[in-house]
Amino acid sequence: MKNKIILMTMLSAMLSLPAMAQFGNDNIRFNGFVRNYTGVLTNETGELSILQNTLNLNFSSRGDKMAFKVNPYLYHYTDRDLELGLREAYMDMYFNKFDLRVGKQQVIWGKAEGVFITDVVAPKDLREFLLPDFDEIRMGITAFKLNYYFGNSTLEAVWTPVFTPTQMPESGSIWQPRMDFPAPVGFDHSRAEISPSLENSEVYFRFSAMASGFDYELVGGYFWYDDPAMHITRHIDHQTQQLASLTLMPEYHRVSMAGGSISTPVGPFLIRAEGAYYSGRYFQTTNPMVQGAKLEKDNLHYMAGLDYNLWGITLSAQFIQEYILDYEEGMQNDELDNTMTFLAKKDFLREKLWAELFAYIGINHEDALIRPKVTYNFADGFEVLGGANIFLGDKGRFGQYKDNDMLYVKLKYSF
Amino acid sequence: MKKPNVIISVTLLALAICTTSGSMAQPTGQKIMEDVYNLPKGDDMQGELTMTLINRQGEQRLRNLRQYAKDDGDVEKKIMFFLSPADVRGTSFMNWSYTGGRDDDQWIYLPALRRVRRISSDGKGDYFMGSDFTYDDLGERHPDDDNHKLLREETLNGKACYVVESTPKDPDYMYSKTITWVMKENNLGLKREFYDDRGRLLKILEIKQFEKVNGFWTILETEMRNVQNNHTTRMKFTDVQYNQGIPDRQFTERSMTLGE
């Protein structure tokens, strides 16, 4: 019923656009795209990994003192329910020195590409792992955002009254993370709800500056960590004294974060760096003496990156490290987790054809995700994209999906 | 996408091939370029540009953008908002260039990424938005970067012109030389030829329409043709205005994200 209402609203809005223009509301802008995304697994099953049709619309209007934007989207699948939603729906109020944005919005921070270090405001939709476009991975949140401007600097404050967690793959999805347990598991979701309240709201701050020669951001926040920690209860068979089963209780925890990022050109290179200190995170442990099988630890997450242009090829490399302080044996995460990313991108035929190779390399587990793709702009606004997702290794963040290698095609028309 | 200010730059390109006339003595090529480089061009400028890209099969692609520029003497700030095609609408690009040869600061805002990103200003030989203009073609090349020689005087399209050859002092520059035709009667350029690093003719720029706007000579229509691959770019400028008092806040992160 809810989907029907949204669908009818979208259709009504589309149909009423010419009428709005006719009656003088022609300052309302309307654009969007339609897209078909078809992917097939290259393993022996040859199954379709995704068959998705997308309609994405943007309605917006801007005046001197205020503006609004509504971004409804529709995902149609052959094997799943129709999905309708609002990626963004907000109003802006403009003042002399500051802006106020209220409503559902995507807030993006940081200088890293493809990884999330200080980019903590927008929760992630990981139902298709890291494969969708990043503007589709980052979810909108209902928030009040205030931006105060002075010179080339901006002070930003975000208050979100409602916590939105990471959206994880559904049970049975090929993108569900691999979880190995020594006994049958059951889930208890009784602590997985964070009720909307003033006490449970989240706050974030950012100071950013675009200076001559370098840009930087200083950020901080007090929020719920988007991924749950599993409080694990072990059930022992009293007759055999053996582990009989486990109860997993997903639980969200408050964290504090402070960090920053910088980018600066050095000769022909562009150097980027980003780092954050997290306090109050929880990590899983296999130590049977630890009640709940989770430990509270602070951790550091940081990145250094380099961009370069060689013979018209855009090259980029990043080294990312995550470090758990006061590390204890038995923790599931490594004390130091190292990842690298590489990007090579070049256009041909006067920006009609783009070839790109992006790769995540997991150093700890010797795994990787390699993503070559070619995009051809068949006509203005219409593109055909062909690519592959190749998972290497057999464990780790990428190697766990070694059976999910896929080829895909996307046809997209922007209007 | 790097190095913007298409309107002013193309205007200067034309002006760069203008000379001071009226003197009976034949000016030197160096003097021509120095005079042109120092011509007044207003404190700020805004306008809209439509680019038509035409390939050898005659297929056309359109690019449309709006641009603002401001020069306070020390820093020249420019910002461009891409209006079409639909898949690049909302993209903005900002460039700050400094007197004294410091590297430019450049940023791009991609609406899909929703954040402003600094980019390297290296790559002046790259083509602007798939056109036949490189970023350097659109920039203000200092006359001291080349050796200039007045080759001859001749009539082109019924106009008496000076013909000036400019050879770069940097042997690694993308062009081995350029030759420009300058109208004597109004000091405006009619044509420029660009030669590749092997000395072969690469591109021809022709000015199709120009007039004075707010007291400043402005190119309103121009065409660049790559003779080696038979690709052509037409540029048409509309709604050009000078000295409208564009505020500094037009050239900030806030402006880039909000759009034109």
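Buried area is the accessible area, taken with a 1.4 Å probe, that two parts lose on being put together, summed over both. In this predicted model, local features need pLDDT of at least 70 and side-chain atom pairs count only at pLDDT 80 or more, while totals for chains, interfaces and linings use all residues. Residues are numbered from 1 along each chain as its sequence is written, chains are lettered from A and ligands numbered from 1 in the order in which they are written, and side-chain values use heavy atoms, with hydrogens and water left out.

Between chain B and chain A the buried area is about 3,600 Å², and carbon and sulfur atoms give 40% of it. The contact, defined by heavy atoms within 4.5 Å, takes 48 residues from chain A and 41 residues from chain B. Nine salt bridges are found across the interface of chain B and chain A, where a salt bridge is a side-chain nitrogen of Lys or Arg within 4 Å of a carboxyl oxygen of Asp or Glu. In one salt bridge, between Asp99(A) and Arg254(B), the closest N and O atoms are 2.4 Å apart. In another, the side chains of Arg63(B) and Asp380(A) meet at 3.1 Å, N to O. This pair joins two chains, because Arg63(B) lies in strand 2 (residues 60-71) of chain B and Asp380(A) in the loop between strand 20 (367-379) and strand 21 (382-392) of chain A; strands here are DSSP runs (E, at least two residues), numbered from the N terminus. Arg63(B) is buried, at a relative accessible area of 9%, whereas Asp380(A) is partly exposed, at 31%, the terms meaning under 20% for buried, over 50% for exposed and in between for partly exposed (1.4 Å probe, protein chains only). A network of salt bridges links Glu113(A), Arg272(A) and Asp307(A) with Arg115(B) and Arg117(B).

Over all chains the count comes to 41 salt bridges. Within chain A, Glu356(A) forms a salt bridge with Lys345(A), with 3.9 Å between the closest N and O atoms. This pair links distant parts of the chain, as Glu356(A) is in strand 19 (residues 353-362) and Lys345(A) in strand 18 (residues 336-348), 11 residues apart. Glu356(A) is buried, with a relative accessible area of 18%, while Lys345(A) is partly exposed, with 31%. Asp79(A) forms a salt bridge with Arg80(A), at 3.7 Å between the closest N and O atoms; Asp79(A) is exposed, with a relative accessible area of 58%, and Arg80(A) is partly exposed, with 34%.

Turning to strand pairing, which requires that DSSP finds at least two bridges between two strands, strand 16 (residues 294-310) and strand 17 (residues 313-324) of chain A pair in the antiparallel sense over 12 bridges. The bridge partner of Tyr302(A) in strand 17 of chain A is Gln321(A). The hairpin of strand 16 and strand 17 of chain A has two residues between the strands, and Trp311(A) in this hairpin takes a positive phi near 50°. Strand 17 of chain A also pairs with strand 18 of chain A in the antiparallel sense, over 10 bridges, and Tyr323(A) has Leu336(A), in strand 18 of chain A, as its bridge partner.

Definitions and conventions:
Helix = DSSP H or I, 4+ residues; strand = E, 2+ residues; numbered from the N terminus.
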